[in-house]
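Let's take a walk through this model together, with an eye on how its side chains meet.

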Amino acid sequence: MRQTPFLLATLLLIAAIAPADVVYLRNGTKLEGQATREGDKVRIRMAYGEVVVDAAEVVYISQQETLAPASAPATAPATAPDVKPGALKMSVPLDQTSQPEVLAFMILRNLSARPSGDTFDMKRQLEQYRILAHERKRRAAGRWLDAKDFVRRRQAFQENLKDARDLLRKSPPASDTSAKAKSERTRIDQAAGQKLQTAAKAWADPVLRSFLLGACFLNDGAYAQAEALFRDGCAAEPRVAAFHQGRAAALLNLQRELEAVEELTLAARLSGGAKELLADLQDAMAKVPGAQAGSAAYQDAKGLLDDYGVSGRPAAPRTAYQAQGVTWMLPGRKVHVRDRSLPEPPYDRLYSKQAVGVPLSTRKLLVDSSVVDGALEVFVRIDDRTVVPARFQRFGSFGRGAPPPVAVLTLERYTFTPAEADEKTPPAPGAKGAAFSLGLFEEMGSVIRESPVEVSAVAEDGAVRFAGGLAAGETTSPVLTADGRLLGFLAGKTDVTADNGGPDRWIALPGIAREVQQAKSAAGGYYGGAQAQAKPIAAEGKVFIVYGVFGETFKD
C-alpha cells in the first residue's frame with residue numbers, strides 16, 4: 001500500500017517512538033520531553049527549552065514503556081519492565097498495538113483537531129482501521145490476523161499438545177529404575193518437550209505465547225529463560241495472577257526467594273486469596289533467609305496471610321491430584337495440568353479495558369459498564385503498588401437487554417471517601433465541574449485526564465446541555481465539582497464507526513437512579529470470610545482507575 005508523506009506524518013503523530021514522554025495536544029501537536037503536572041498546567045522540558053500548556057489541552061501523555069524482547073535473555077536486563085499491577089504503563093508503542101480500534105481513535109482525535117485542511121489521507125487510513133476493527137483483526141507477529149488465523153493456530157497448538165501428552169503417557173513409571181527405563185524416560189521427555197515448545201510457539205496471541213513458553217522452560221529446568229518470559233507477560237498484562245505465579249516458580253528455582261514471595265503476594269491478592277496461591281506463598285516464605293524476614297516484601301506477604309486468616313498456620317496439605325501438577329490461575333478460570341504438560345487457555349487472546357470509577361459509598365464505585373460487561377475479572381487501582389479485585393454483576397446472567405451505562409463495583413478491605421450524589425435532581429444551569437477520563441485501552445494513555453465542564457442549560461425533560469467534552473476513545477467519565485459532588489457523567493465516545501467516537505452526551509443522575517442508589521447503599525459491601533474481618537484501609541483519592549480483563553475467542 002502506498003503511503004503519502006502526509007500519511008506518514010500522521011502515523012508518526014500517533015506512534016510512540018521516542019524514549020521521552022510524548023504529550024499529545026488537542027490541536028494535533030505532539031511534544032516530546034519530560035512532562036510534569038503543575039496544578040492546571042503541564043510543563044514539558046524539551047532539549048531546546050520548556051513549554052507550559054493548559055492541562056485541559058492535553059489529550060494524553062505517553063510514557064513510552066515497551067515490552068521485553070520475545071526471545072528471553074538468560075538473565076534479567078539491567079532495567080526490567082515494571083510488572084507491578086498498579087504501575088501506570090503504556091504496554092506497547094501505538095504503532096505496535098494489537099487493536100485497530102486504538103489507531104482509529106487516535107486518528108479521530110487528530111481529525112477533530114484539524115477542522116480544515118487536507119485530511120483525505122487520514123480519512124482513508126481511518127477507514128482501513130475501521131474495516132480491520134469490523135473484521136476483528138488483531139496484530140501479532142507484525143501482521144494483522146483474522147479469525148481463521150487464530151483458529152488454525154489454536155488447532156496447531158492442540159495437535160502438538162496432544163502428541164506431547166501421548167508421548168508422556170508412554171513413559172516408563174518412575175518406580176522402574178533400570179538403565180533402560182531411565183534412558184527411555186529421557187528420550188520421551190526430550191521429544192515431548194520439543195512438542196510442547198512447538199505447541200506454545202503456535203499460539204497466536206504474543207502475551208499468552210510468552211506465558212506458554214515460560215511454562216515450557218519451567219518444565220525443562222531453564223529457569224532464567226522461564227523467568228524472563230513470565231516477566232514479559234507480567235509487563236504486558238500485569239493483572240493476570242497466573243503470570244506472577246509462573247514468575248514466582250522460576251524465581252524460587254533461581255534461589256531468589258524474596259522476589260518469589262513478592263510475586264506470589266501479588267498473585268494471591270489478584271486472585272482474591274486463592275487457597276492454592278496462599279499455600280504456595282506460605283511455602284515460599286519458609287524458604288526466605290532469616291536475614292530478609294524483616295523486609296517490606298516479607299511483611300507485606302505476612303500481612304496478606306493475616307488478612308485471610310492463615311498466618312501462623314501450616315500450609316494446607318496438597319491433595320494427590322494437586323501434587324501431580326500445577327493449578328494455573330488464569331483470568332476467570334483455574335486450569336490444572338499434570339507435570340510436564342501445558343495449560344490450554346480457554347480464550348485465544350487476553351486484553352484489558354479501563355475507565356474512571358467514582359465512589360458513592362465507602363465500599364462501592366460507579367464506573368462505565370463497558371469495562372465490566374463481559375469481563376473475566378475486574379480490578380480497582382488503589383495506588384501505584386496496589387490493585388485489588390472487585391465484585392461486579394454479570395449483566396447477561398439475568399436476561400436483561402443492553403446494560404445500563406454505568407455499573408456498580410464492590411470492594412472489600414479498602415474504604416473510600418464517597419462523593420455526594422443526588423439522583424433525583426439534574427444539575428443546575430451554570431454548575432461547573434471537571435470530567436475525569438481515560439481512553440478505553442491502556443495504549444491510549446494511563447493517566448487520568450481532567451478537563452473543565454460547565455452546564456449551560458437543562459431542558460424540561462431533564463436533558464442537559466454543557467460545554468466541554470471527551471476525546472475520541474474515552475470511556476464514560478464522572479463529572480465532579482470542586483467540593484466533591486457528582487454532577488453526572490459524560491457518555492463514553494467509544495464507537496469506532498462514529499465521527500469523533502460518538503456525540504457529546506450527558507448522563508443525568510435521575511436517568512441512572514437505580515445504579516446510583518445501589519452504589520450509595522451500604523448493603524452488600526462485604527464478601528464475608530476472613531478479609532471482611534480485617535481492619536479496613538483507607539484508599540486516598542476521589543476517583544480511581546478500574547480495569548476489566550477480557551478474553552477473546554475466535555470461531556472459523
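**Rings and a helix**

Trp506 is buried, with a relative accessible area of 9% (buried means under 20%, exposed over 50% and partly exposed in between, with a 1.4 Å probe and protein chains only). This is a predicted model, where local features need pLDDT of at least 70 and side-chain atom pairs count only at pLDDT 80 or more, while totals for chains, interfaces and linings use all residues. Residues are numbered from 1 along each chain as its sequence is written, and side-chain values use heavy atoms, leaving out hydrogens and water.

Searching the whole structure turns up nine aromatic pairs. Here rings of Phe, Tyr and Trp (its six-membered ring) pair if their centres lie within 6.5 Å; planes under 30 degrees apart count as stacked, over 60 as edge-to-face and the rest as tilted. Phe150 and Phe554 are stacked, because their ring centres are 4.3 Å apart and their planes stand at 15°. This pair links distant parts of the chain, with Phe150 in helix α4 and Phe554 in the segment after β25 (544-552), 404 residues apart. Helices (H or I, at least four residues) and strands (E, at least two) are DSSP runs numbered from the N terminus. Both Phe150 and Phe554 are buried.

Trp506 has a ring partner too: its centre is 5.5 Å from that of Phe466 and the planes are at 55°, so this pair is tilted. Phe466 also counts as buried, because its relative accessibility is 17%.

Back in α4, the buried residues include Arg154 and Leu161. The buried residues of α4 pack against elements including α5 (179-202) and β10 (349-359), with contact meaning heavy atoms within 4.5 Å.
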